[in-house]
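Here is a friendly walk through some ring pairs, charge-over-ring contacts and helix packing. Please have the viewer open as you read.

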Amino acid sequence: MNRAVFLKAGKFFFILFILGLTSYHSSYSQGSYVPFERDYYHLIDRYEILQGKNNPFFHTGYKPYRRDLLGKYLDSLAQDPVIKSASDRFNLSYLAQDNWEFVTQETEESKKPFLKKLYRRPGDFAHSYSDEFDIHLSPVIYLAGGMETDQDQNPAQLSRGFVVRGAVDKKVSFFTYLTTSEVFFPSWVKNYAEYRGAVPGEGFWKEYNSDGYSYFSARGHVNFHLTKSIQAQVGHDRNFIGEGYRSFLLSDFSNPYMFVKLNTKIGKFQLTNLWTQMTADVFYDRGRPTDGRYPQKYFSMHRLGFNIGKKLNLGFFESVMTDKVNFNYFNPVVFFRWVEQQLGTPDKVMLGMDAKWILIPGMQLYGQFALDEFVFSEFFGIDGKGSKRNKYGVQAGYKYINAFEISNLDLQLEFNTARPYTFQEKFDHQSYTNWRTPLTHPLGANFKEFVGIVRYQPIPKLRLTLLGNYQLYGTDPDAETNWGGDILKNRLEGSPTGLFGNVTGQGIENQVIQTNLVASYMLKHNLFIDGTHIFRRRTAQDLSSPESSQFIQLAIRWNFIRPEFNY
């Protein structure tokens, strides 16, 4: 099957959405999705943990969230006793104002609108609201400048654009986020981009002043209600699965991609189906991306999440990556591994699960397990120790909200590890990547990582975040050798050990210690001043002495998602 088949399939789904839309006449309100940003989403998730039970409106294991469902949850928090500090009341007011068209609680209008028409709401540069048509427009600006030790070029970034969201007849909602950027990255981020040939989270780039990067970002989606319980989304964006800082199932690290998504929520169950078209590889000229019809790959996924009691949520995940369109994978309830075996295809199938458990109000355990390949006798047998065929990723985490009874002091601890050769594949264009960057963890595979995060909001408008990160991972000495960390490489080629004797961190051992301290002060709604200090130290077997750098930055951002350089 070729690309034309995929386009026909897309038309089929679009027609299905329209038919469902025209046949459903409920007044059920339809909301776009809130862009995934860790600081923003933490404000939402912490109240569920403080309540000590799963919220009844949406599952937090699949992100992003819909604004209309978030609005219902915010209304339920208006009189909840977990909202007791001045910072909590400010956060609830901020979130309600950011989603004001979907909340029933009172949200203030601007006291002095600009020219009487602009900024009538603190969060909207301009808006128009009615039952027939709802639109919100705001500017996007990010201006940052900093210094890094022992670097000739100081890191800096200028991004500008706009964001639009709205709805038609309260049944079809839409979202568009457009920016253009010129960036000089910190040294380790620049090295990562040079090695991959791609800017993490952005993909295509152009050279800017020899040492910098210039790129254009365009994300957007359209949402439809097919029935009261089934909602469809067509978009070009990213998705995230799990409760952690990282994800082994699907993360927001790679370039946005085209997708069709179905969300079905019935009672305690939520089934999410995702069909995507991704970029398998890129053509380069003089080390830069150049014009050409890049090879494509196709990714299908479904996740079934369900609540067990009030405190536990489990999610079961299955995905398939293929270099050809296959209509068998459009079935929203079929078992992909069974289909792949029946067809005799070499497509890459992944299995996994994620879980969260609210131990007591204020404490949560969470985790993930992603299975790439598994041989029972080699996993548990002595003779199979270190088998190359036992490929998996594991995450375990803990969250403590209002730690030690200190209001708005939140702690998070997380451990991540992925065996060598996990997410690699033996056939072209089937690795677990998009635009030459991992779909999961930035390190790919063959690593261990510990993450600790302290978040504190001492006064309503000030947020302090300290992130500590320790990584141990193995790299390759040259392009021909494959120790299992670079997931773009063929898993059958270049392995120095063969089938057995593989250990996590094998190859050239690297150890990284990094601390990130960020202070964010909100001047106006979604207008922040950020101060950042990063210390990074890397030791490796091929270095005569450790590499150390310190990075400081001051930034102003307006409706912009704060970039993170924790890889």
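Tyr398 is partly exposed, with a relative accessible area of 23%, because partly exposed is the class between buried (under 20% relative accessible area) and exposed (over 50%), using a 1.4 Å probe and protein chains only. Tyr400, at 17% relative accessibility, counts as buried.

Before going further, note that this is a predicted model: local features need pLDDT of at least 70 and side-chain atom pairs pLDDT 80 or more, while totals for chains, interfaces and linings use all residues. Residues are numbered from 1 along each chain as its sequence is written, and side-chain values use heavy atoms, leaving out hydrogens and water.

## Aromatic pairs

Searching the whole structure gives 40 aromatic pairs. Rings of Phe, Tyr and Trp (its six-membered ring) pair if their centres lie within 6.5 Å; planes under 30 degrees apart are called stacked, over 60 edge-to-face, and the rest tilted. How are the rings of Phe306 and Phe316 arranged? Their centres are 6.0 Å apart and their planes at 15 degrees, so this pair is stacked. It links distant parts of the chain, with Phe306 in strand β14 (residues 296-308) and Phe316 in strand β15 (residues 312-322), ten residues apart. Strands here are DSSP runs of E with at least two residues, helices are runs of H or I with at least four, and both are numbered from the N terminus. Phe306 is buried at 16% relative accessible area, whereas Phe316 is partly exposed at 38%.

Back at Tyr398 and Tyr400, the ring centres are 6.3 Å apart and the planes at 45 degrees, so that pair is tilted. Elsewhere, ring pairs join a cluster whose members include Phe36, Tyr40, Tyr41 and Phe240.

## Charges over rings

A charge sits over a ring when NZ of Lys or CZ of Arg is within 6 Å of the ring centre and within 35 degrees of the ring normal. Arg38 places its charged end over the ring of Tyr245, 4.9 Å from the centre. Lys388 lies over the face of Tyr421, 4.5 Å from the ring centre.

## A helix and its contacts

Ser187 belongs to helix α5 (residues 187-196). Is Ser187 buried or exposed? With a relative accessible area of 17%, Ser187 is buried. Setting aside neighbours within four places in sequence, Ser187 is in contact (heavy atoms within 4.5 Å) with Glu148 and Gln151.
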